[in-house]
Amino acid sequence: MSAHADTHAHDDHGHHHKETFVTKYIFSMDHKMIAKQYLVTGTIMGVIGVMMSLLFRMQIAWPEQPNVLFEALLGKWAPDGVMDADIYLALVTIHGTIMVFFVLTAGLSGTFSNLLIPLQIGARDMASGFLNMVSYWLFFVSSIIMVISLFVEAGPAAAGWTIYPPLSALPMAQGGSGAGMTLWLVSMAIFIASSLLGSLNYVVTVLNLRTKGMSMTRLPLTIWAFFVTAIIGIISFPVLLSAALLLIMDRSFGTSFFLSDIFIQGEVLHYQGGSPVLFEHLFWFLGHPEVYIVILPAMGLVSEIMATNSRKPIFGYRAMIASILAIAFLSTIVWGHHMFVSGMNPFLGSVFTFTTLLIAIPSAVKAFNWITTIWKGNLQMNPAMLFSIGFVSTFITGGLTGIILGDSALDINVHDTYFVVAHFHLVMGISALYGMFAGIYHWYPKMYGRMLNKNLGYIHFWITAVCAYGVFFPMHFIGMAGLPRRYYTNSNFPLFDDVSNVNVIITIFALIGGVVQIVYLYNFFSSMYYGKKATQNPWRATTLEWTTPVEHIHGNWPGEIPHVYRWSYDYSKPGHDVDFVPQNVPLKDGEEELQH
Amino acid sequence: MTALLTIIVLVFILIAIWQMVKIFDLAQAKNENTQVATDKDNTLNGYLMMGFLGFIYLITIISCVKWGDLPLLSNSASEHGPTIDNLMVISLVIIFFVQTITQFLLHYFAFKYKGEKGKQALFFADNNKLEAIWTIIPVIVLAGLIIYGLNTWINIMGVDESDDPIVVELYAQQFNWKARYAGADNTLGKANVRLIDLDRANILGLDEADPNAQDDIITTELHLPKGRPVLFKMRSQDVLHSAYMPHFRAQMNCVPGMITQFGFTPSKTTEEMRATLEIQDKVKNINEIRVEKSKKLVAKGEDPLERYEFDYLLICNKICGKSHYNMQMKIVVETEEEFNAWLKEQKEFKNSLIN
């Protein structure tokens with residue numbers, strides 16, 4: 001199989017020199033270009049998503065006060081500069097949707113799976129370059145539709161990113177449930193198609209196109225993470241698609257899958273026999289694995305970057321793979337922990353409490369293995385390494401509170417409060433973003449042939465790190481004071497007046513943290529043209545992508561694809577002169593490949 | 001104008017970054033700047049890692065001291081409340097313990113093993129004993145938490161009908177709550193949204209032909225007797241809502257098309273709750289904040305805010321539309337006599353209809 005791919009790709013290599021602008025930059029089938037397209041699109045969506053969060057944070061801190069930014073950015077949704085309650089919910093909804101799906105799924109997984117799978121397994125390209133291109137363009141179309149939905153007359157979708165019906169199904173329940181929700185559903189349906197094409201491609205590529213000697217147990221952990229992520233995506237995304245289609249049926253064709261016995265605005269609707277709880281089951285059957293779809297690639301990137309910059313092998317390679325597999329398996333049987341108080345049978349709640357708390361075990365193994373990886377290392381504090389250490393820190397802080405939320409008895413009281421917001425933002429929002437930043441700082445030379453400015457990277461990391469804790473740590477406490485999330489203002493009744501000053505502090509941290517991302521954006525875009533030219537292997541890493549030339553070529557390697565003789569973590573191995581041995585270096589006479 | 005100002009500010013920020021980059025680069029011009037971390041970077045960032053560890057500890061301590069007086073950790077107002085609070089405190093102690101140690105190890109190692117030229121890292125790829133330890137310890141801790149948690153959960157969710165609970169319906173609609181008491185027969189009459197007749201003031205859609213419905217009582221305030229088990233039956237007429245009663249450690253979604261339930265026994269009357277130290281502190285604190293706010297309002301020529309007095313609240317905790325943030329109902333817990341007297345004053349369903 002791999003020999004066939006070789007010859008085929010060689011042919012390609014010969015023909016593809018006369019590329020036009022369109023085939024090179026727009027309808028490209030080259031995985032490296034597609035990775036960059038994902039990254040730039042994801043970055044733009046990320047800017048939109050983060051700006052939305054800053055807007056609604058300002059509303060929470062200074063409720064119902066005129067704000068020039070609201071007036072400038074929200075137009076008719078902010079009469080006299082005071083944010084409207086409907087648009088507040090819309091901002092929260094679209095922020096969640098964009099960050100979870102468009103930035104942390106497509107932007108993170110799309111970028112690095114595409115970039116690294118062929119390069120690290122030693123393949124000329126993805127199994128199907130064409131499907132890969134289609135996957136990106138479907139993602140692009142879905143992004144455009146999501147952005148267009150912001151400009152709909154009655155407002156964009158506003159039922160929360162979980163779009164529970166009946167709120168999302170009935171235009172009379174909420175302005176955003178009209179055309180805005182239709183566009184949301186269409187956008188997500190296309191997004192899911194894109195994600196499935198991408199995932200199938202990743203799985204096939206990893207299974208079939210590994211170079212000679214690249215056994216599954218020699219794969220870098222990045223590839224393991226992308227591979228397992230793709231499998232979870234294939235299993236769970238279709239269920240969300242079916243939920244979305246059924247919701248479209250309920251909305252537009254009068255079926256009653258999720259609706260029953262509804263009296264709204266003075267009239268009884270015809271729906272009978274459906275159940276919103278069914279939608280919750282279908283949604284979270286994707287929704288929960290989705291958080292692992294977000295976090296596993298980040299874990300893979302961080303494992304790789306930590307080993308490289310510690311100049312040490314990753315500790316417990318097999319345990320790391322086992323825990324990825326365990327997390328992936330468990331992730332598909334824990335969705336009910338989002339529904340402890342949804343009205344489902346309490347016995348089911350017990351089962352989900354049990355499976356949910358089990359996830360803490362592989363997570364703990366991973367955290368301890370990362371800490372042991374840096375123990376007695378020779379840590380190179382590149383910005384990518386800082387973000388990786390930051391990742392482990394926020395992953396621990398955010399993950400630990402999971403044992404409260406996963407415990408049904410405790411969830412009764414903190415469900416849907418700011419405690420939840422704090423938990424998931426730290427454990428999968430900030431952590432996954434850190435993983436993504438770490439990946440960008442580390443593989444930027446591979447993507448653009450130039451280096452990112454490290455000092456700007458340091459500024460970016462340290463201010464972001466302080467602000468991330470400043471924003472999300474206090475949120476645990478207002479959550480434990482019982483403050484519900486998704487409240488337009490907390491000043492309508494006095495019960496929560498004493499947390500209003502905490503909300504101001506959080507917003508100030510959020511604003512600083514948001515603005516400092518400009519440093520990163522500047523670094524990212526200016527370094528494309530003015531960055532220091534990269535050397536072939538700037539971080540002195542062992543994996544195959546650093547054996548390709550700095551200049552991108554179709555087919556990745558000018559000559560033959562290198563063969564692989566060892567795992568990817570031979571850092572500081574005794575008996576070698578340098579502190580890293582690339583995977584394509586044959587074993588010395590008498591050298592044993594470690595029984596890892 | 002605003003847009004212009006924002007653009008100008010952004011441009012200034014970009015120029016500032018550009019200048020900073022130049023300064024950095026000039027400062028490092030002597031040696032070849034490859035944008036790869038040098039020993040100097042390693043040392044600086046190693047120290048910053050320790051600083052950051054201090055920051056994490058500091059923010060933890062500040063948060064605990066300033067905002068740690070948490071209404072959801074003690075002073076619950078229901079009989080099952082203390083069991084939840086106990087479990088919560090145990091979980092929090094475990095979390096703080098693990099958090100303190102792991103964050104220390106992570107940041108201290110980052111500082112201790114910061115890179116130096118010529119230093120050799122330890123080739124240490126595997127150790128089954130270590131990995132067994134940090135697999136087994138979480139297993140034991142989690143097994144304890146799971147057993148304790150499930151016990152608590154089953155006790156709370158299992159409604160014992162032999163306790164003779166008062167049955168109360170909580171009825172949710174955009175954007176308010178109603179309560180329906182079952183009356184003398186303690187059986188709620190049949191109801192369906194299809195039977196709603198606003199002209200006749202049958203707002204909850206009770207079956208007028210059902211004898212059980214005749215003595216039902218619909219109110220806009222929730223009164224509960226202290227010490228009597230209450231079984232709530234939740235209904236919603238339009239979208240999902242969630243009946244969240246934080247002081248009672250109680251929450252359940254209201255789902256259109258089905259009836260959900262939650263039961264608890266109130267253990268403190270509103271008066272008793274007001275007299276507790278925690279609540280007095282909280283009320284004093286809130287009133288100080290309100291006085292400050294009122295000063296500003298008066299200066300603007302508006303009415304000052306009313307003084308706050310503590311009341312239990314039922315609040316909506318599932319996004320339900322525009323006024324989600326303003327969907328609450330007052331709960332009054334009182335003695336059984338006061339409760340019965342109050343209930344007697346309310347209109348029964350059969351007398352509340354307009355013919």
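This is a predicted model: local features need pLDDT of at least 70, side-chain atom pairs count only at pLDDT 80 or more; totals for chains, interfaces and linings use all residues.
Helices here (H or I, at least four residues) and strands (E, at least two) are DSSP runs, numbered from the N terminus. UniProt lists this stretch, in an unreviewed entry, as "domain: Cytochrome oxidase subunit I profile"; its positions follow the numbering used here, feature names are shortened, and such annotations may be inferred rather than shown by experiment. Residues are numbered from 1 along each chain as its sequence is written, with chains lettered from A and ligands numbered from 1 in the order in which they are written. Local features need pLDDT of at least 70 and side-chain atom pairs count only at pLDDT 80 or more, while totals for chains, interfaces and linings use all residues.

On to where the chains meet. The contact takes 119 residues from chain A and 111 residues from chain B, two residues being in contact if their C-beta atoms, placed from the backbone, lie within 7 Å. Helix H17 (residues 454-480) of chain A supplies the largest share of the chain A side, 12 residues. That side divides into 72 nonpolar, 32 polar and 15 charged residues (Ala, Val, Leu, Ile, Met, Phe, Trp, Tyr, Cys and Pro count as nonpolar, Asp, Glu, Lys and Arg as charged, and the others, Gly among them, as polar).

Chain B brings in the sheets. One is an open sheet of five strands in the order E3-E2-E1-E5-E8, with mixed pairing; strands pair if DSSP finds at least two bridges between them. Strand E3 (217-219) and strand E8 (260-264) of chain B each have a single partner strand, so one side of each is left without a neighbour in the sheet. The twist averages 25° from one strand to the next.

Within this sheet, strand E5 (residues 230-236) of chain B runs parallel to strand E1 (residues 166-173) of chain B over seven bridges, and pairs with E8(B) in the antiparallel sense over five bridges. B:Val230 is the bridge partner of B:Ile166 and also stands opposite B:Phe264 in E8(B). Seven of the seven residues of E5(B) are buried, so this strand is largely enclosed by the rest of the structure. Buried means that 20 or more other C-beta atoms lie within 10 Å of a residue's own (exposed, 12 or fewer; partly exposed, in between), with C-beta atoms placed from the backbone. B:Val230, B:Phe232, B:Met234 and B:Ser236 point one way from E5(B), and B:Leu231, B:Lys233 and B:Arg235 the other way.

B:Leu170 stands opposite B:Met234 and touches residues including B:Trp177, B:Phe232 and B:Cys254. Along with A:Ala438, B:Leu170 touches the most other members of the largest nonpolar core, which has 284 residues. Such a core is a set of buried Ala, Val, Leu, Ile, Met, Phe, Trp, Tyr and Cys residues joined through C-beta atoms within 7 Å.

The other open sheet of five strands has the order E4-E10-E9-E6-E7 (chain B), again with mixed pairing. Strand E4 (222-225) and strand E7 (250-254) of chain B are the edges. Strand E6 (residues 241-245) of chain B pairs with E7(B) in the antiparallel sense over five bridges, with B:Ser242 partnered by B:Asn253.

Terms used: Axes are lines fitted to C-alpha atoms, for helices over the stretch in contact, and angles run from 0 to 180 degrees between N-to-C directions. Lists of a residue's contacts leave out its neighbours within four places in sequence.
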